[in-house]
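Please read it alongside the sequence and the coordinates shown here.

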Amino acid sequence: MTQEMILANATLVLPTETVTGSVVVRDGMIVEMDQGATVPACAEDCEGDFVAPGLIELHTDNLERHMRPRPKVDWPHQAAIVAHDAELASVGITTVFDALRIGSILSDPNNRYGKYARVVADELLSMRDSGGLRISHHLHLRAETCSETLIEELAEFGPEDRIGIVSLMDHTPGQRQFQDVSKFESYIRGKYAMDAEGFEEYVAFLHGLHDKLGKAHEEATVAEAKRFGAVLASHDDTTEAQVATSAGYGIHLAEFPTTVEAARANHAHRIANIMGGPNLVRGGSHSGNVAAMELAELGLLDIISSDYVPSSLLLGAVMLGQTWGDMAKGLHTVTAAPAKYTNLTDRGRLEVGLQADMIRFRLTEGVPSLRAAWHKGVRSA
Ligand SMILES: [Zn+2]
């Protein structure tokens, strides 16, 4: 059976411009695009609303939030996955790379954090294969090098998991995201209810771990990402030297560089900079690092990720569109750019022959409100 849908009189968001026109979708694909405000009899009149490609999210911690809605409160995983999927659909995301941490700390009884990624990956892939999800889900393994179990956890994954991204993380305090140790202290002491002395012991413990295992973990992660066929990403790069190391590993994608220096060095090495939507929306980083908007103004921001607030993806892209005076360029950071750097050639642009992943939104008092979304031509929101 052939199913056809026509969206007409829309402001189509193309990779480099916006035009008034229509899109014809058949069997989940974009099959025709025309310019002009004409509304054929069988078409839906979009009344000038923006119609853009569905959003692509590369790094979200949102699933963890659904699985643990409060500290020490666990939610049934299948239900958490479905709620997470629905939330992402409701903010215009049609493709997501779900970030799962690998690399745990088991030996420190006070600050133990355990393994969960393999179990959750199985649950997620099973739910996806059963057809229970509205949008397209891929795995993103966040490999924490400052941990005890990274190598054995990596070994539990393989090419059959079709992992999209592996990111190389090092959250040892005193560098990268936590250059400013006082920010780490307020974060960690808030999270674990730790006193000052306990905090000092914890930092010493992490430094020991980093010195002993950090380099070996880093090299193992690079090799394993290759074995999985995944895109490798760097995370929280701060210095030119760190960027040079990333480039040496063949990295083309950098999550959340923390300084202008690192962001510039990434561009010199043809590495795309991903910045957090919450940082953009709030006007600064909660860890005291470079503001995403500063990088945007310097022409150093390529991709937005919603990080821990799903709705910041569309909002952040629209804010960039307003700042740059170019809505197509703003939306590019959450559609064509993330598709390109994760090798998703079948989506990310409104173009004949591509998958019909699309969103329709308008601006209300400057804020985007989503009117509808489609994944492979089927309504997802
Ligand atoms: Zn980080």
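The model is a predicted one, in which local features need pLDDT of at least 70 and side-chain atom pairs count only at pLDDT 80 or more, while totals for chains, interfaces and linings use all residues. Residues are numbered from 1 along each chain as its sequence is written, and side-chain values use heavy atoms, with hydrogens and water left out.

Eight strands form an open sheet in the order 6-7-8-9-10-11-12-13, with parallel pairing. Strand 6 (55–60) and strand 13 (303–305) are the edge strands, each with a single partner strand, so one side of each has no neighbour in the sheet. From one strand to the next, the twist averages 25 degrees. Helices (H or I, at least four residues) and strands (E, at least two) are DSSP runs numbered from the N terminus, and two strands pair if DSSP finds at least two bridges between them.

Within the sheet, strand 9 (residues 163–169) and strand 10 (residues 231–235) pair in the parallel sense over four bridges, and S167 stands opposite A233 in strand 10. Helix 11 (residues 312–324) packs on the sheet, where it touches strand 6, strand 7 (93–102) and strand 13; the direction of helix 11 makes about 150 degrees with that of strand 13. Axes are lines fitted to C-alpha atoms, for helices over the stretch in contact, and angles run from 0 to 180 degrees between N-to-C directions.

## Nonpolar cores

The largest nonpolar core has 35 residues, of which L100, I102, L141, F157, I163, V166 and F228 touch the most other members. Helix 3 (residues 117–129) gives the most to this core, with six residues. A nonpolar core is a set of buried Ala, Val, Leu, Ile, Met, Phe, Trp, Tyr and Cys residues joined through side-chain atoms within 4.5 Å.

Leaving out residues up to four places away in sequence, F157 touches I102, A117, R118, A121, L141, I163, R227 and F228; contact means heavy atoms within 4.5 Å. A second, separate core of 34 residues includes V96, L320, A328 and I359.

## Accessibility and loop residues

Buried means under 20% relative accessible area, exposed over 50%, and partly exposed in between (1.4 Å probe, protein chains only).

| Residue | Relative accessibility | Class |
|---|---|---|
| H171 | 17% | buried |
| Q177 | 16% | buried |
| E47 | 54% | exposed |
| R270 | 70% | exposed |
| T333 | 2% | buried |

E47 lies in the loop between strand 4 (44–45) and strand 5 (50–53), and its phi is positive, near 50 degrees, although E47 is a residue other than glycine. R270, in the loop between helix 8 (260–268) and strand 12 (272–276), has a positive phi of about 60 degrees and is not a glycine.

T333 is found in the loop between helix 12 (327–332) and helix 13 (336–341). Apart from neighbours within four places in sequence, T333 is in contact with L301, D302, I303, I304, A317, L320, W324 and P338.
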